[in-house]
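Hi everyone, thanks for coming. Have a look at the screen, and I'll talk you through a few things.

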Amino acid sequence: MLEKETELHKKFWEIFSKQDRQKIDEFQTYMDKFAVNFNLYKDGNFIERSLPFDVIPRIISKTEFNKIEKGLQQRVTALNLFLEDLYTDAKIVKAGIVPQEFVHQAKGYLKEFVGFSPSQKIRTHINGIDLVKDTVNDEWVILEDNLRVPSGSSYPLSIRDTYRKIYPDFFESLKIAPIKEYPSYIEEAMNYVNCGGINVVLTPGRFNAAYYEHSYLAEKVGAQLVRSHELVVVDKKLYFKNYNGKLVRVGAVYRRLDDEFIDPTFFNPESLIGVPGLVEAYLAGNVALMNAIGNGVADDKGIYYFVPKMIQYYLGEEPILKNAPTYLPYFEEDMKYIFDNIEKLVIKDVAEAGGYGVLFGHTMTTLQLEDLKAIIKANPRRFIAQELIEFYDEQCYLNKELHNRKADFRAYVVMGKDVKVWQCGLTRYALEAGNYLVNSSQGGGFKDTWVMEL
Amino acid sequence: MEQLLTANVATNLYWLGRYLERIEATLLQIISAYDCIIDVDKEAGVKLYKTLGVDLEYNNAQEFLCNSILGDHSANLNVLMGYARENTIISRNYINMEAFGEIIALHALFGNMSKSHMMIDYKFIDHAQSLISEIWGQFSKRELRKYSDYFLRLGKLVEEADYHFRFDKDKEVAMVIVDEIHTILGILSTDKDMQSKQTQEQSINHEDIMDTIHKKIESLIVN
C-alpha cells in the first residue's frame, strides 16, 4: 500500500516524466567506478558489490520531518540519560521502572563499566534509529534503536552528489534539504568529546562489509582511517603510529567495531582487530570512544520496550514518536497474550540485528509455532513479540517498471554539544514484493531520502 | 606541513605508483616488440620477456599480445592491475577521486578482457594507455604536494629507475631519476643520512644503486 500522494510527490513525478530514463544506468556506473560497496561474505567468499540503488526517492515533507526530528532528539536524549544513569547511579532501576534483572541479563550490559562516566557524559554520539510509517494510523513508528555502530549514512551521501549531476532539474526546481553537513555533525561531536589529540576512525580493515563507509566518513570528517595495529597505548594514552614511527596522541576514536573486539586484553583475547590497552586508556579518561562501550544494552530489543518510560522518567515528557506495540514474554500477562496471538505476531530474538532472528508468526506452521512457544517459555528474556506493523510501500523503478516494495527509514542522530538529526537518512527497500525485511545484509536496496517543502 | 599517514597507506601509495608505472612501461615495450615481431624479429617478444625473467612462448604477433599481457606468468598485467586496485582501495582517501575512478575503470578493462574470448588488439592497449595517462594527469593536478603524493611519486620513480637500468637506457636520465628519488626521500624522512643525495652513486653499479634505494625506503616506512 502506498502513502497518499501529496503535492510534493506530484511535483517529483512531473519532473521525472520529463527526464531521460536511460541515464538511470549512470547511477550504477558511478557506484562501480567509485567502488561504493557494501561487501558480503557468501559461502566463505568475499564478494565486493555495490548496494542496489533505486532512483525514486522517498519524499518526506519538511513539516513531517520536523516532528520526526523532535521525536528523535527526545528519544536519543533520553537514551543517553538512561545509559549514563544505568552505568552510574542506576536510579531508573532503583525506581523500579526498568527491572534490574532485565538489565543485567542484557547481552550488551557490561558491569565492568559501572561507575565510569565518559567524556562530556555523552555515550550515544552517532545513532541510527529505524522507523516505518504505519498504514493504520498514518504515523511514524520506531522499530529499533542502533546505538552501537550504525552503518549506512555514506550511501545516501555518495548518491546525492551523483543525483545532482545526473538529474539537476530536481534540485533546481524543488526545495530539497541539503545533506552535505552530516560529516560536520560527526566532526563537531568528535571535537566536543575529544580528550586531547587527533581524531581517528577505527576500521576492522579492508575486508569489512562497510569498509567503503569507514574510508568515506574518515575522509569527510577529516580523521585518520586506522586499523588496530596502527594505534598503540602507552601509559594509558592512545597514540597514532605515523609511517615514520612518530607517535601522535589520539583524543577521540570513531570506532567501527563492536565492544567485544575492541581490546583483546579486556574483552575477547582472540580479537585481532582490537587495540591492546584501549579500554584502560578510555577508563582513565584519556580518549573518547564513539559510541561508548556498553551501549549494547540499549540496543537490546527487550530494553526498547522501556524507552517510552525512559522519556517520561528522565524528561517528564510524553514520547513524540511511538514504539511498535511490543510484548515481553518476561511478564506473565504478556506471555499469555503472545501465546494466544502468536500466529499474527512478529517474534524477535533480543540480541540479534541486521534482520536476523526475526520470525513472522503468519508464515509459520502450527508445529513450528508450538516449537517456538516452547523455546520462548524456556527463555522468555531472549524474545520480544511485536504486532506486525503494516507499513507503507515505496515505489521503486525496477527493470524499467514501477513496483511497490516495503521500505523502512534509518534516521541518523548525532549527539555532541547538541543533538542533531540529519535531514536525510537511509531508506531501505526489500528486493522482493511483500517482504518485510529490508536490511542490506538481507539483500535489500536503498533510496535517497528527500526532505522537501513546497 | 607534515601530513599524517599510516605505514599501511604510505606503503600502498608507494606500490600503487610502482604498479601503474610498471604497467605503463610494459605496455610501451609490448607495442614496440609487437611491431618487431610482425616483420623484423620474431624473437623480439622472447628477448623482451627474458629481461623480465619470463620465458614467453607465442606463434605470431597477435598471440604475443595475448600471452604477454594475460599469460600465466609473473608479469601478467591483469594480476598487477589487481594489486594496483587493492593499493587504491586502501589509500583512496589520499587519491584524487577522478584518478581513483580511472584506476577502477582500468582494472575493469583488464579484468573484462581476461574473462572474454576476444583477442587483445591495438585498440585495447591504446585504451589502457590513455587511462593511465589520465590517471597520471589527475595525480599531477594538485598544486601543493602532500606527503601522500610524494609516496606515490616515489613508487613511480623507483620503477622508472629500475626500468632504465634493466633495459640499459640513457644513463644520464637514470641518474636524474635517482637524484629525484633522493630528494623525495629527504622530504619524507627526518633522518639526515636519508636527506643527503649521495652523488657518489654515479660511480657504482646499478644493482647497488637500486639496492641502496630499496633499503632506504624500507627504513623510511616503520611498520
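Predicted model: local features only at pLDDT ≥ 70, side-chain atom pairs only at ≥ 80, totals over all residues.

Residues are numbered from 1 along each chain as its sequence is written, and chains are lettered from A and ligands numbered from 1 in the order in which they are written.

So, chain A. It has 16 helices and 22 strands, counted as DSSP runs (H or I, at least four residues, for helices; E, at least two, for strands) and numbered from the N terminus. Its radius of gyration is 22 Å, close to the 22 Å from the globule rule for 454 residues, so chain A is as compact as a globular protein of that length. That radius is taken over C-alpha atoms, and the rule is 2.2 Å times the number of residues to the power 0.38.

Now the hairpin: β18(A) and β19(A), with 2 residues between them. The strands run antiparallel, joined by 6 bridges; pairing takes at least two DSSP bridges. Asp393(A) sits opposite Lys406(A) in β19(A), and in the turn Asn399(A) has a positive phi of about 50°.

Over to chain B, with domain 1 (7-139) and domain 2 (147-220); those bounds come from an automatic or database domain assignment. The domain centres, over C-alpha atoms, are 23 Å apart.
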